[in-house]
There are 2 protein chains.
Amino acid sequence: MNHIEIIDVKERVEALNEQNAADVRAYIKRKKVYLVNVMSSPGAGKTTTLVRTINGLKEKWRIAVMEADVDSSVDARTIQVLTGAKVIQLHTGGSCHMDAGMTMEGLMTMGIDDVDVVFLENVGNLVCPAEFDVGADLRVEILSVPEGDDKPLKYPLMFRRADVVIENKMDAIKVFDYDPAKAEERIRALNPDCVFFAISALNGEGFSSWIDYLNYKIAEKLK
Amino acid sequence: MNHIEIIDVKERVEALNEQNAADVRAYIKRKKVYLVNVMSSPGAGKTTTLVRTINGLKEKWRIAVMEADVDSSVDARTIQVLTGAKVIQLHTGGSCHMDAGMTMEGLMTMGIDDVDVVFLENVGNLVCPAEFDVGADLRVEILSVPEGDDKPLKYPLMFRRADVVIENKMDAIKVFDYDPAKAEERIRALNPDCVFFAISALNGEGFSSWIDYLNYKIAEKLK
C-alpha cells in the first residue's frame with residue numbers, strides 16, 4: 001500500500017519535472033545562456049574544479065554560478081571570492097537534489113540577462129541528482145580518484161546520464177588503488193558517448209583540454 | 001501546490017518509518033542482536049572498513065552484513081569472500097537510502113537467529129540516509145580525509161545524528177588539506193556527544209580502539 005502511494009507521487013513528480021525541464025531549456029535558449037549541471041559525491045571537488053574552470057573561461061564569457069546546498073553557504077562565498085563570478089545560493093530545504101523547477105526559480109531570481117554561462121553546482125550525491133533533468137545543456141559528473149574506480153558499477157544511472165565525466169584528484173593517484181582505464185571502461189559500457197577529462201583541480205593538470213572543450217560547446221550554442 | 005503535496009506525503013512516510021523503526025528495535029531486542037547502521041559518501045571506505053572490522057570481531061561474535069545498494073552486488077561479494085560473514089544484498093530499487101521497513105524485510109529474509117551483530121551498509125549518500133532512522137543501536141558515519149574537513153558544515157543532519165564518526169583514509173592525510181581538529185570541532189558543535197575514531201582501513205591504523213569500543217557496546221546490549 002505504502003509502496004504504491006510513493007510510486008504514484010514519484011510519477012507525478014517526474015512528469016512535472018520533465019515539463020519544467022522543457023521550460024528551462026526554452027528559457028535559456030531565448031536568453032542565450034549555456035547551462036552546465038555539475039554533479040558528484042560530497043567532497044569530490046566540485047567547488048575547486050569550478051573555481052579553476054571559471055577562471056579559465058571568464059575572459060571570454062560572462063559567468064554565473066548557482067550553488068545548491070542542503071544547508072550552508074560555504075561554497076558560494078568561496079566561489080565569489082576566488083572568481084568574482086555572479087553567485088546565487090540555493091538552499092534545497094533538506095532535498096538531496098536540484099529539480100528543474102528549483103533551477104528555473106534560481107535562474108529567474110538571479111537574473112541571466114547579463115550572463116552567457118551558468119554553472120549549477122548540484123547537491124553532493126550520486127543517486128538523486130542523476131534522476132532529475134534540470135534542463136541543462138551539459139551534465140558533468142566529477143569522479144574523484146579516492147572514491148575508487150568501481151563507482152560506475154554502484155551508481156550506474158549517474159554515469160549513464162553524464163555527457164562528461166571528469167576524473168579529479170589525479171595528483172593523488174599514487175596513494176590510491178584507482179585505475180583510470182578500468183573506470184573509463186566501466187563508464188563506456190554504460191554510456192559509449194561519454195567524454196572524459198582527467199584533471200587535478202589542486203594543481204591545474206588537465207584543465208587546458210577541459211577548457212577548450214567547454215569553449216567549443218558554449219560557442220556552438222551561443223554563436 | 002506541488003510543494004504542499006510532497007510535504008504531506010513526506011510526513012506520512014516519516015510517521016510510518018518511525019513506527020517501523022520501533023518495530024525493528026523491538027525485534028532485534030527480542031532476537032538479541034546488535035544492529036549497526038554504517039553511512040558515508042560514495043567511496044569513503046564503508047566496505048573496506050567493514051571487512052577489517054568484521055575480521056576484528058568475528059572470533060567473539062557471530063556477524064552478518066546487509067549490503068544496501070541502488071544496484072549491483074559488488075560489495076556483498078567482496079565482504080563474503082574476505083570475511084566469511086553471512087551476507088545479504090538489498091537492492092533499494094533506485095532509492096537513495098534504506099528505511100526501517102526495508103531494514104526489517106532484510107533482517108527477516110536473511111534470518112538472525114544465529115547472529116549477534118548485524119552491520120547495515122547503507123547507500124553511499126550523506127543526505128537521505130541521515131533522515132531515516134532504521135532502528136539501529138549505533139549510527140556510524142565514515143568521513144574520509146579526501147572529502148575535506150568542511151563536510152559537517154554542508155551535511156549537518158548526518159553529523160548531528162551520528163553516534164560515531166570514523167575518520168578514514170588517515171594514511172592519505174599528507175596529500176590532502178584536511179585538519180582532523182577542524183573536522184571534529186565542527187562535528188562537536190552539532191553533536192557534542194559524538195565519539196571519534198581516526199583510522200586507515202587500508203593499513204589498519206586506529207582499528208584497535210574502534211574494535212574495543214564495539215566490543216564494549218555489543219557486550220553492554222547482549223550480556
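Buried here means under 20% relative accessible area, while exposed means over 50% and partly exposed is in between, with a 1.4 Å probe and protein chains only. Helices are DSSP runs of H or I with at least four residues, strands are runs of E with at least two, and both are numbered from the N terminus. If you're new to helices, an α-helix has 3.6 residues a turn, so residues three or four places apart point the same way.

Before I go on, a word on the numbers. This is a predicted model, where local features need pLDDT of at least 70 and side-chain atom pairs count only at pLDDT 80 or more, while totals for chains, interfaces and linings use all residues. Residues are numbered from 1 along each chain as its sequence is written, chains are lettered from A and ligands numbered from 1 in the order in which they are written, and side-chain values use heavy atoms, with hydrogens and water left out.

Back to α4(A). What sits at its start? A side-chain oxygen of Asp99(A) comes to within 3.1 Å of the backbone nitrogen of Gly101(A). The side chain of Asp99(A) also has a polar atom 2.8 Å from the backbone nitrogen of Met102(A). Those are polar contacts: pairs of N or O atoms within 3.5 Å, where, within protein, one must be able to donate a hydrogen and the other to accept it, and residues adjacent in sequence count only if both atoms are side-chain atoms. Asp99(A) itself is in the loop between β3 (86–91) and α4 (100–110) of chain A. Setting aside neighbours within four places in sequence, Asp99(A) is in contact, meaning heavy atoms within 4.5 Å, with Asn17(A), Phe132(A) and Val134(A). Take Phe132(A): it is 33 residues from Asp99(A) in sequence, but the C-alpha atoms are 5.5 Å apart. After α4(A) comes Gly111(A), with a positive phi near 85 degrees.

Inside the helix, the buried ones are Val74(A), Asp75(A), Ala76(A), Ile79(A) and Thr83(A). Their cover includes α2 (46–57), β2 (63–69), β3 and β4 of chain A, and also α6 (151–154) of chain B.

That brings us to the two chains together. How many residues of chain A are in contact with chain B? It's 38 residues of chain A with 38 residues of chain B. The area buried between them is about 3,000 Å², and carbon and sulfur atoms give 60% of that; buried area is the accessible area (1.4 Å probe) that two parts lose on being put together, summed over both. There are two salt bridges between chain A and chain B, a salt bridge being a side-chain nitrogen of Lys or Arg within 4 Å of a carboxyl oxygen of Asp or Glu. One of them joins Lys154(B) to Asp75(A), with the closest N and O atoms 2.4 Å apart. On the side of chain A that touches chain B, the elements giving two or more residues are α1 (2–30), α3 (74–83), α5 (128–131) and α6 (151–154) of chain A. The largest share of that side, seven residues, is from α1(A).

Next, zoom in on Asn125(A), in the loop between β4 (117–121) and α5 of chain A. Is Asn125(A) buried or exposed? Buried, because its relative accessible area is 1%. Leaving out neighbours within four places in sequence, its contacts include Ser40(A) and Cys96(A) in chain A, plus Asn125(B), Val127(B) and Cys128(B) in chain B. Its side chain also reaches the backbone nitrogen of Cys128(A) at 3.4 Å.

Last stop, the core. The largest nonpolar core has 90 residues, and Ile112(A), Val118(A), Ile112(B) and Val118(B) have the most contacts inside it. Such a core is a set of buried Ala, Val, Leu, Ile, Met, Phe, Trp, Tyr and Cys residues joined through side-chain atoms within 4.5 Å.
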